[in-house]
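Visitor: I have a structure to look through and I'm new to this. Can you walk me through it?
Guide: Here is what we will be looking at.

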Amino acid sequence: MTAVPSPLPPGCFCRSAEGAKTAPVTVPVEAARIRAFCAAIGETAPVHTDEAAARAAGHPALLAPPTFAQTLENLAETALAAQGSAGLLALLKADFARILHGQEGYSLHAPIHAGDAITVQHEITGFRYTPRAGIDTAHSVIRFTSHRGLCTKVTRTLIHRLPA
């Protein structure tokens with residue numbers, strides 16, 4: 001394992017952010033947003049687009065597709081900014097021009113339906129500096145919870161390309 005230099009070179013993520021969480025933000029799940037998301041990704045399953053079909057399948061309302069959580073995350077980040085609270089990239093002290101999406105995984109625990117109020121919160125879980133590749137990575141978890149508890153957990157790796 002490569003020793004991590006101290007101090008880290010310019011462009012690395014802010015290490016003091018490890019363990020930090022964004023303020024929790026609750027966002028409403030709207031049927032119109034679910035339908036628009038489905039249209040954008042080409043999802044045509046009736047449980048996602050037709051209220052009657054969703055109810056006939058045993059759902060209380062339209063069922064959001066699993067990756068709809070990304071829309072909720074975007075809404076939460078916008079709300080954080082409007083509140084003057086730090087979002088994930090601000091906590092990391094990231095240079096947006098140098099950010100790359102590394103990896104993402106979804107763990108589904110409970111359905112998300114139209115009419116739900118979903119609380120979104122990021123947690124920064126760790127870092128890895130790779131000097132030979134000229135990158136620094138940040139690992140995070142995003143939790144999406146409702147009155148039923150945890151609905152979706154997303155693990156994500158962001159890559160920060162370091163200045164040459």
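Guide: First, a definition: two strands pair if DSSP finds at least two bridges between them. Helices (H or I, at least four residues) and strands (E, at least two) are DSSP runs, numbered from the N terminus. This is a predicted model, where local features need pLDDT of at least 70, side-chain atom pairs count only at pLDDT 80 or more, and totals for chains, interfaces and linings use all residues. Residues are numbered from 1 along each chain as its sequence is written, and side-chain values use heavy atoms, with hydrogens and water left out.

Visitor: OK. How many bridges join β4 to β5?
Guide: Twelve, between β4 (residues 135-146) and β5, and the two strands run antiparallel.

Visitor: What joins β4 to β5 in the chain?
Guide: A hairpin, through two residues.

Visitor: And how many bridges join β2 to β5?
Guide: Nine bridges join β2 (residues 99-108) to β5 (residues 149-161), again antiparallel. There, Leu-108 has Thr-152 as its bridge partner.

Visitor: What order do the strands of the sheet have?
Guide: The order is β1-β3-β4-β5-β2, an open sheet of five strands with antiparallel pairing. β1 and β2 are the edge strands, each pairing on one side only. On average, neighbouring strands are turned by 25 degrees against each other, direction ignored. Axes here are lines fitted to C-alpha atoms, for helices over the stretch in contact, and angles run from 0 to 180 degrees between N-to-C directions.

Visitor: How many bridges join β1 to β3?
Guide: Four, and those strands run antiparallel too. Pro-28 stands opposite Ala-117 in β3.

Visitor: New topic. Which residues touch the most other members of the largest nonpolar core?
Guide: Ile-34, Leu-72, Ile-118, Val-120 and Phe-144, out of 24 residues in that core. A nonpolar core is a set of buried Ala, Val, Leu, Ile, Met, Phe, Trp, Tyr and Cys residues joined through side-chain atoms within 4.5 Å. Buried means under 20% relative accessible area, exposed over 50%, partly exposed in between (1.4 Å probe, protein chains only).

Visitor: Which element gives the largest share of this core?
Guide: α4, with four residues.

Visitor: What does Val-120 touch?
Guide: Not counting residues up to four places away in sequence, its contacts (heavy atoms within 4.5 Å) include Leu-72, Ala-76, Ile-142 and Phe-144.
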